[in-house]
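This report goes through one protein model by topic. Please keep the sequence and the 3D view open while reading.

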Amino acid sequence: PFLDWWDERTARRCIPKPGTGVFNEQAWLNLVPGLFDHHVVRDPGVNATGFAMHYRDVLWENGSPTLPDGPLRHFHFLCGFDPHRPELLTTDPTIARHWPALEERPGLARLARDYAERLLAAGYDEARAGAAPFERLPDGLASTPLMRSLYRDAVIEAEASGDPEPPNPWDSGMAPFLAWLNRPAGTGPSAPSRYLLALWSERPDLMAAFPDVPGADAGAFLGWAATKPGADHDHIPAALAPAPPDSGAAPASGPAASRALAAERDRVAGDFDRLRGSRSWRLTAPARFVAGRLRAARARRRLPPA
């Protein structure tokens with residue numbers, strides 16, 4: 001029963017969102033003591049990590065690792081262990097300052113070297129050379145975290161309501177999937193797409209710069225987004241970026257007008273990027289975040305169904 005319960009929840013909600021109480025598959029276990037008969041394993045040799053090595057070192061007896069207070073049953077190499085740098089228990093600097101250095105733990109250093117050799121011999125480099133599953137869509141387009149979040153939420157809603165699920169790009173092809181992401185979230189020529197509205201609702205800086213989206217600020221928001229296709233830090237693939245403002249204007253506007261429009265877009269985008277890097281922007285971040293979450297909640301209520 002426990003495994004069925006855990007499987008059901010991690011099938012769709014194995015995601016890292018600590019602010020919602022969900023952290024991959026792990027945070028669900030916080031509920032286990034109140035729901036299931038259980039036994040807590042308190043063996044210090046189970047799931048040992050760098051956090052548990054401040055007061056001890058790994059000992060070696062007849063070629064096997066152990067601990068001063070009992071058998072070492074399972075050591076958990078985590079937080080960026082790199083088999084090409086086994087002298088470091090972690091390559092994450094934020095974690096490394098909380099863990100003892102391996103030069104102070106020769107027994108643990110030996111364990112790290114042994115594990116690194118086994119990883120490399122088992123094909124670690126070959127496995128890492130390939131792309132992660134679903135990192136790219138069938139046509140080669142990178143799948144952004146926002147795409148995956150939108151798709152997952154829509155699948156969960158469809159399973160709960162019995163409505164059709166959103167297009168699966170591996171089953172139905174890329175065109176229906178991109179059309180679903182680009183579907184206008186509202187009416188009128190300045191209605192942002194489903195994807196862009198979701199981007200706006202997750203970005204406190206965008207919600208502060210363009211407070212009324214969809215609404216009076218939607219046109220300005222789309223003008224900003226039109227300058228960002230392919231910008232990795234803004235997660236707007238070219239296939240999901242809006243057309244530049246006035247892109248359908250008559251050819252009589254001429255190349256000079258097009259250059260002037262492009263220069264104005266670049267200026268506005270540059271001003272906004274500089275604002276995001278300012279001290280005043282950082283100081284007002286908490287208030288903008290709270291206000292943005294409220295606006296995002298209102299925007300989601302205005303989003304039409306799939």
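## Basis

The model is predicted: local features need pLDDT of at least 70, side-chain atom pairs count only at pLDDT 80 or more, and totals for chains, interfaces and linings use all residues. Residues are numbered from 1 along each chain as its sequence is written, and side-chain values use heavy atoms, with hydrogens and water left out.

Helices (H or I, at least four residues) and strands (E, at least two) are DSSP runs, numbered from the N terminus. For accessibility, buried means under 20% relative accessible area, exposed means over 50%, and partly exposed lies in between (1.4 Å probe, protein chains only).

## The second largest pocket

Grid points are joined across faces, edges and corners, and a volume is the space filled by probe spheres set on the points. The second largest pocket has a volume of about 490 Å³. Its lining consists of 20 residues, and Phe134, Arg148, Tyr151, Arg152 and Trp170 lie nearest the centre. Helix 1 (2-13), helix 6 (145-161) and helix 7 (169-172) are the elements that give two or more residues to this lining. The largest share, 5 residues, comes from helix 6.

By residue type, the lining of this pocket divides into 12 nonpolar, 3 polar and 5 charged. In this count Ala, Val, Leu, Ile, Met, Phe, Trp, Tyr, Cys and Pro are nonpolar, Asp, Glu, Lys and Arg are charged, and the others, Gly among them, are polar.

## Aromatic contacts

A pair of aromatic rings is described by the distance of the centres and the angle of the planes. Rings of Phe, Tyr and Trp (its six-membered ring) pair if their centres lie within 6.5 Å; planes under 30 degrees apart count as stacked, over 60 as edge-to-face and the rest as tilted. The whole structure has 15 aromatic pairs. One of them joins phenylalanine 2 and tryptophan 6, a stacked pair at 5.3 Å centre to centre with 25° between the planes. Both residues lie in helix 1, 4 residues apart, about one turn of the helix. Phenylalanine 2 is partly exposed at 25% relative accessibility, and tryptophan 6 is also partly exposed, at 23%. Ring pairs link Phe2, Trp5, Trp6, Trp28 and Phe36 into a cluster.

Phenylalanine 210 and phenylalanine 221 form a tilted pair, because their ring centres are 5.8 Å apart and their planes stand at 55°. Phenylalanine 210 is in the loop between helix 10 (204-209) and helix 11 (218-225), while phenylalanine 221 is in helix 11, 11 residues apart. Phenylalanine 210 is buried, with 10% relative accessibility, and phenylalanine 221 is buried at 0%.

A charge can also sit over a ring, which requires NZ of Lys or CZ of Arg within 6 Å of the ring centre and within 35 degrees of the ring normal. The charged end of arginine 110 sits over the ring of tryptophan 60, 3.9 Å from its centre.

## Cysteines

A disulfide is a pair of cysteine sulfur atoms within 2.5 Å. By this rule there are 0 disulfides. Cysteine 14 is partly exposed at 38% relative accessibility, and cysteine 79 is partly exposed at 27%.

## Backbone geometry

Most residues other than glycine have a negative phi, and most peptide bonds are trans. Cysteine 79, in the loop between strand 5 and helix 3, has a positive phi of about 60°. Phenylalanine 134 has a positive phi of about 65°; this residue is in the loop between helix 5 (124-129) and helix 6 and is exposed, at 57% relative accessibility.

A cis peptide bond joins valine 213 and proline 214, with omega about -5°. Proline 214 is in the loop between helix 10 and helix 11.

## Two residue pairs

Phenylalanine 75, in the loop between strand 5 (70-71) and helix 3 (93-96), is buried at 11% relative accessibility. Its C-alpha atom is separated by 9.9 Å from that of leucine 108, 33 residues apart along the chain.

Aspartate 153 is in helix 6 and is partly exposed, with a relative accessible area of 36%. The C-alpha atoms of aspartate 153 and arginine 12 are separated by 8.6 Å, although the residues are 141 apart along the chain.

How values were computed:
On a 1 Å grid over the protein atoms alone, a cavity is a set of points where a 1.4 Å probe fits but cannot get out, and a pocket is an open set with protein on both sides within 12 Å along at least five of seven lines; lining residues have an atom within 4 Å of a point.
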